[in-house]
Amino acid sequence: MKALRHTAYGEHPVVEEIPEPAPGPGEVLVRVAGAALNPLDVKIGAGHVRDHFPITFPSVVGTDLAGTVERIGPGVTGWNPGDPVIARTDPISGGAVAEYAAVPVPNLAAAPAAIPLHLAAALATAAATAWQAVVEVAELRAGQTVLVHGGAGGVGGFAVQLARQAGARVITTVSSAGAGIATKLGASQVIDYTTADFRAEAGHADVVIDPIGGDTEAASLDVLRPGGLLVSLNTPPDLGRAADRGVRAEFVFHRTDAGRLAKVAAAGLEIVTDRTVPLARAAEAFRHLAGGHAKGKVIVRP
């Protein structure tokens, strides 16, 4: 089969012909309909997160996929050939950007019927991370105000939708190119971070969802009401600085959870795609994502 593989840290991956994987005990073999690339894939390949996600080369890129069950491994029950699924593989194992992938059963959920199967791959990390932040950690509720940074991006776009579903008022920061996307997804107020200081525009928020970190995290503390919550998705926040401002801060470290993934699949979320490319052009798509300017999800179709 064909797959997108890294051969060393810091080198761009290439599409190569490799053996088809065989499902081991407790695994299923999935014929991949679509794989979604994530910023984490770029960090893993560059070696920036090797302390947490060390990989062995050559390594097939990607964690997020959707497809149909091709074969089941020993001991597997509850899944059958032909079942449409979404999955997130272990980041160390990768394997998503390929024609076939062997996936542990605890990493699987039934794919939603309402969207094309290849697009459902976009839910596996970005939407599930947004769910973890908005629903599980922030416990956002009707009447609250939330500031979501990067509302036209992968995680941010899903966070905007989930916040609106919860009945919250949503403010988001985007570049001018992403304003239309964020508005369509349900943001009540859109701030162009390239021309305005969001601290002067956002007012006071009950919750900030921050997938960016750095200076954005520090500035976000200024827009939180006393007792408000900063949910950081990039790096652990500065708890001392948050306490000094009279607010709370929590870090979301996303791990695969089949139960959460099933809830995300049933949430009726809209998937915004930056581009969909064939597997033969997967290396090009990876370089585009690494450039940092994708609006929505980048999908590879084998």
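Predicted model: local features only at pLDDT ≥ 70, side-chain atom pairs only at ≥ 80, totals over all residues.
Which residues does I209 touch, not counting residues up to four places away in sequence?

1. Start with I209 itself. Its contacts are A133, V134, V146, L147, V148, H149, A159, V231 and L233, leaving aside residues up to four places away in sequence.

2. Next, step back to the core around this residue. I209 is listed with I86, V146, F158 and V231 as having the most contacts inside the largest nonpolar core, which has 47 residues. Helix α3 supplies the largest share of this core, seven residues. Apart from it there is another core, of 29 residues, which includes V42, V61, L108 and V300. In soluble globular proteins, nonpolar side chains tend to be buried together.

3. Now have a look at α1. Its buried residues are D41, V42, I44 and G45. They line one face of the helix, because they fall within an arc of 165° when seen down the axis of α1. Their packing partners are β1 (2-6), β3 (27-37) and α10 (282-290). Just after α1 comes G47, with a positive phi of about 85°.

4. Do check the peptide bond from F57 to P58: this bond is cis, with omega near -5°. P58 sits in the loop between α1 (39-46) and β4 (59-60).

5. One more backbone detail is at E139, which is not a glycine and yet has a positive phi of about 50°. You will find E139 in the loop between α3 (126-137) and β9 (145-149). Its relative accessible area is 55%, so E139 counts as exposed.

Methods: Residues numbered from 1 in each chain as written. Heavy atoms only, no water. Helix = DSSP H or I, 4+ residues; strand = E, 2+ residues; numbered from the N terminus. Buried < 20%, exposed > 50% of the residue type's maximum accessible area, 1.4 Å probe, protein only. Arc of directions from axis to C-beta. Contact = heavy atoms within 4.5 Å. Core = buried A, V, L, I, M, F, W, Y, C linked by side-chain atoms within 4.5 Å.
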